[in-house]
Amino acid sequence: MKWKKIGHIFDPSDYQLSPCCVSHARSPQGVELDDRVRIFFCSQTKITNGVCESIPQYCDFTKDLKLVLNVSTRPVITLGNSGEFDEHGIFPLGITVAEDKIYGFTTGWSRRLSVPFNMSIGLAISSND
């Protein structure tokens with residue numbers, strides 16, 4: 001495999017993303033679709049009282065990664081309810097497309113008292129692109 005460095009390709013502050021996306025495009029995970037490349041990433045909400053949340057978003061690119069075609073205007077996955085494993089953040093871990101569905105193996109995190117946070121794994125399945 002040969003790699004070609006193409007540099008910085010996306011800055012979330014340049015686009016009208018969902019209101020919960022204040023900064024960051026971290027933990028990028030790409031998947032090639034029929035007519036585009038979709039890159040899922042984690043955005044960061046506004047820091048309140050020293051804490052923030054991480055919420056999955058996406059951006060669609062041309063296959064050569066030179067042009068942004070579309071960006072998500074709402075979270076890809078909403079955070080879990082109080083006490084659930086992903087109540088304070090979700091990181092996309094791995095994306096797979098099979099049988100017209102997108103499978104997102106995620107890592108959810110929640111804050112704890114004895115340690116800063118706890119992380120667990122989950123699976124999200126999209127059948128609506």
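This is a predicted model: local features need pLDDT of at least 70, side-chain atom pairs count only at pLDDT 80 or more; totals for chains, interfaces and linings use all residues.
Local features need pLDDT of at least 70, side-chain atom pairs count only at pLDDT 80 or more, and totals for linings use all residues. Residues are numbered from 1 along each chain, and side-chain values use heavy atoms, with hydrogens and water left out.

Stop 1: Select Phe40, Val76, Ile77, Ser126 and Asn128. Of the 24 lining residues of the largest pocket, these are the closest to its centre. Strand E6 (101–111) gives the largest share of the lining, five residues. Strands here are DSSP runs of at least two residues, numbered from the N terminus.

**Stop 2: Ala124.** Move to strand E7, where Ala124 is found. Ala124 and Ile77 are 47 residues apart in sequence, yet 7.9 Å apart in space, C-alpha to C-alpha.

**Stop 3: salt bridges.** The whole structure has four (a side-chain nitrogen of Lys or Arg within 4 Å of a carboxyl oxygen of Asp or Glu). Select Glu32 and Lys63: their closest N and O atoms are 2.8 Å apart. Glu32 lies in strand E1, Lys63 in the loop between E3 and E4.

Next, show Asp60 with Arg38, paired at 2.7 Å between the closest N and O atoms. Asp60 is in strand E3 and Arg38 in strand E2, 22 residues apart. Both are buried (under 20% relative accessible area, with exposed over 50% and partly exposed in between; 1.4 Å probe, protein chains only).

Definitions and conventions:
On a 1 Å grid over the protein atoms alone, a cavity is a set of points where a 1.4 Å probe fits but cannot get out, and a pocket is an open set with protein on both sides within 12 Å along at least five of seven lines; lining residues have an atom within 4 Å of a point. Helices (H or I, at least four residues) and strands (E, at least two) are DSSP runs, numbered from the N terminus.
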